[in-house]
Amino acid sequence: MGYRGELLLGILFLLIGTVMGAAPQGGGGGGGSGGRSDALTPSDIKNINYSKWCMVSIAGVVGATLAYKIAYALQAKLRLLLCLGNEKQQYWATPKSDIFPVVKREILWAPLFAKRHNREFRISRAINVGTLPTRFQGLFLIAFLGVNFAFCTLSIDWSQSRSNVLREIRSRTGVMAVINMVPLFILAGRNNPLIGLLKISFDSYNLIHRWLGRIVVLESLAHVVAYTINKVDITGWASVGVTIKTSYSLQMGFISIVACAILGLHSPSILRHAFYETFLTAHILLVGMMVGTLWYHLALSGEAWFVYLKATIGVWAADRFLRLIWIIYRNVSTKMARATVEALAGDAVRVTVTMPRPWKFRPGQHAYLYMPSIGLWTSHPFTVAWSESKDVIKFGDKELSLHRQDIMTKEKPTMSFIIRRRTGFTDSLYRKAMNSPDKLFSTTVFAEGPYGVSHSLDSYGTCVLIAGGVGITHQVPYIQHLVQGYRDGTVAARRVTLVWIIQSPEHLEWIRPWMTSILAMEKRREVLKIMLFVTKPKSTKEIRSPSSTVQMFPGKPNIGTLLDMEIENKAGTMAVTVCGSGSLSDDVRAFVRSRTHKANIDFIEEAFSW
């Protein structure tokens, strides 16, 4: 999980323990009782119980997911140990049960409806309405919405007076909104410890974060509406304005709910995608305003639920503190981290970052890059396409040491990215490179990371890696790792096939230096096959296959035919990974789902939504 994840996980457990210990045991929540046991009401007791059950239910979901992931990892480890040195791996080639393939096909990998999942709904090139969740994600979100609705309405005596019902609704929805802010902030953090613990992608957590935010907005609005209706019923509309003007606590609550409502209105995908950098800055400012004023609202009201807000702020502060410490440690030394930016064909740039300190990276991970000369304080995530660090010999000025550790030192590590030109930051980066001498420039950079889940492919006998365009950056490190593992006898892979779909042969220049290194690796020809598909060649003369293991074809691939060929010649369990456009990912998903009965196959999709 890494030092950052382990440290933040420890902080998280400490915060949860503190919250559960400090949560009201026999008082509070009554809007001014200040936590005194003699001020308890039946409504307070219900809120106390439901708040704890809410935290327990969240912990239960995490625990159940962790148990499944541990069992899955143990099975993969056992498969790897039994498959080392086994060429056919026949025992693992077919499913051992008819149930799990159906579960994977109809629930875990299934799109919400027919086929569409990662393909975006677009009104125009500039207007993006977003994507649909998978069927499993949809079921989880429906369940989570149902649980929140139940916690907000259960045990309310609807036969009592309207005033008492509204008072209970106001209290319950307010409590639930504050409690839900704890997981809301955890899932928003880059150092979210659950990513490494549960091996679930940031993309999935981001989806849950967005829906949690909507739930918090709805519960906050219900809290305010219930209070307002009750106030109007008792003393009329005029008293609402008077109360707000005379109560500092309600003034802070009013500002908090306004900020909360604006957060809900400015967060839909159509606005988030069209003005992302503006959205992000406004989002952070509004969240700060909402949390800051809510702090005073709860503190001045004497609410016992104040402890959950403290936990929320603690999570946010821990994430930001760790990020700051690691950014300084990774990038600041006697020399600062530097980035060399080179413009490439196909509206892309290759960014090579030289780090002043050691950097550990695993395939599939990404980093956030800050380039003050291009984007000021903003940072953007990019997949690490290549990373290397070599031992070099350094001689002292006076005498030569006879000890190896004294003369061997680590060269400053480098990591490389391929960044496709889009809008905003990437457009500015590309234009600066194009306008520089030799289409190349160097600048100060701050790299933050690495982040993300690295899916282990070590236990799979057959690996099919499919990439579209710049999605190749996700697959190249896996290819290097698998070929090296095959050479060293540390992975089960016996067939590794890379399928890369590009528009022009010019795009091959993006990764040429790294693929040259991979193609020169020992035993590469025995395990690796590369299939390049050029969808828009200028002429057929551009389509040339260098060898039998590196082949080039015009047009788009027939994914179904390719998968059938691999299944027919497979060794052991099969993994199919895809990183590319939404339509490509959806096509691959559909073909893999239709073949779960033919092979013991796993599907891994790499996507990054925001």
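# Briefing: contacts, cores and salt bridges in a predicted model

Leaving aside neighbours within four places in sequence, R525 is in contact with S547 and T549. The model is a predicted one. Its protein chain has 610 residues, of which 47% count as buried, and its secondary structure comes to 20 helices and 18 strands.

**Whole chain**

- Among contacts in the protein chain with a separation of 6 or more, 72% are between residues 24 or more positions apart.
- The protein chain has an accessible surface of about 29600 Å², and carbon and sulfur atoms account for 62% of that area.

**Nonpolar cores**

- The largest nonpolar core has 46 residues, and the members that touch the most others are M181, F185, M290, V291, Y308 and L309.
- Two or more residues of this core come from each of α2 (42-83), α4 (135-153), α5 (162-188), α6 (193-198), α7 (202-235), α9 (248-266), α11 (276-301) and α12 (306-331).
- The element that gives the most to this core is α5, with ten residues.
- M181 touches V216, M290, V291, L294, L309 and T312, when residues up to four places away in sequence are not counted.
- Another core, of 40 residues, lies apart from the largest one, and its members include I472, V476, V496 and L498.
- In soluble globular proteins, nonpolar side chains tend to be buried together.

**Helix α16**

- Helix α16 covers residues 472-488, and at 1.5 Å a residue its 17 residues should span 24 Å; the end C-alpha atoms are 24 Å apart, so the two values agree.
- Of the 17 residues of α16, twelve are buried, so this helix is largely enclosed by the rest of the structure.
- The buried residues of α16 are I472, T473, H474, Q475, V476, P477, Y478, I479, L482, V483, G485 and Y486.
- After α16 comes G489, which has a positive phi, near 75°.

**Position R525**

- R525 is part of helix α18, which runs over residues 524-527.
- The relative accessibility of R525 is 55%, and because the cut-off for exposed is over 50%, R525 counts as exposed.
- R525 lies 9.3 Å from V483, C-alpha to C-alpha, although the two are 42 residues apart in sequence.

**Nonpolar surface patch**

- A nonpolar patch on the surface is formed by F121, I123, V129, I270, L271 and F275, which together have about 540 Å² of accessible area.

**Salt bridges**

- The structure holds 20 salt bridges.
- One of them joins the side chains of D602 and K104, at 3.2 Å from N to O.
- D602 is in strand β18 (residues 601-605) and K104 in helix α3 (residues 99-108), so the pair links distant parts of the chain, 498 residues apart.
- Both partners are buried: D602 has 8% relative accessibility, and K104 has a relative accessible area of 6%.
- D233 and R162 also form a salt bridge, with their closest N and O atoms 2.5 Å apart.
- Because D233 lies in helix α7 and R162 in helix α5, this pair ties together parts that are 71 residues apart in sequence.
- D233 is partly exposed, with a relative accessible area of 43%, while R162 counts as exposed at 54% relative accessibility.
- A further salt bridge brings together the side chains of R421 and D427, at 2.7 Å from N to O.
- R421 is partly exposed, at 28% relative accessible area, and D427 is buried, at 17%.
- R105, E106, R135 and R593 are linked in a network of salt bridges.

Note on methods
Residues are numbered from 1 along each chain as its sequence is written. This is a predicted model: local features need pLDDT of at least 70, side-chain atom pairs count only at pLDDT 80 or more; totals for chains, interfaces and linings use all residues. Side-chain values use heavy atoms; hydrogens and water are left out. A nonpolar core is a set of buried Ala, Val, Leu, Ile, Met, Phe, Trp, Tyr and Cys residues joined through side-chain atoms within 4.5 Å. Buried means under 20% relative accessible area, exposed over 50%, partly exposed in between (1.4 Å probe, protein chains only). Helices (H or I, at least four residues) and strands (E, at least two) are DSSP runs, numbered from the N terminus. Contact means heavy atoms within 4.5 Å. Patches are made of residues with over 30% relative accessible area and no salt bridge: like charges are joined within 9 Å, nonpolar side chains (Val, Leu, Ile, Met, Phe, Trp, Tyr) within 5 Å. Accessible areas come from the Shrake-Rupley method with a 1.4 Å probe; for residues, only the protein chains shown count as cover. A salt bridge is a side-chain nitrogen of Lys or Arg within 4 Å of a carboxyl oxygen of Asp or Glu. The expected span of a helix is 1.5 Å times one less than its number of residues.
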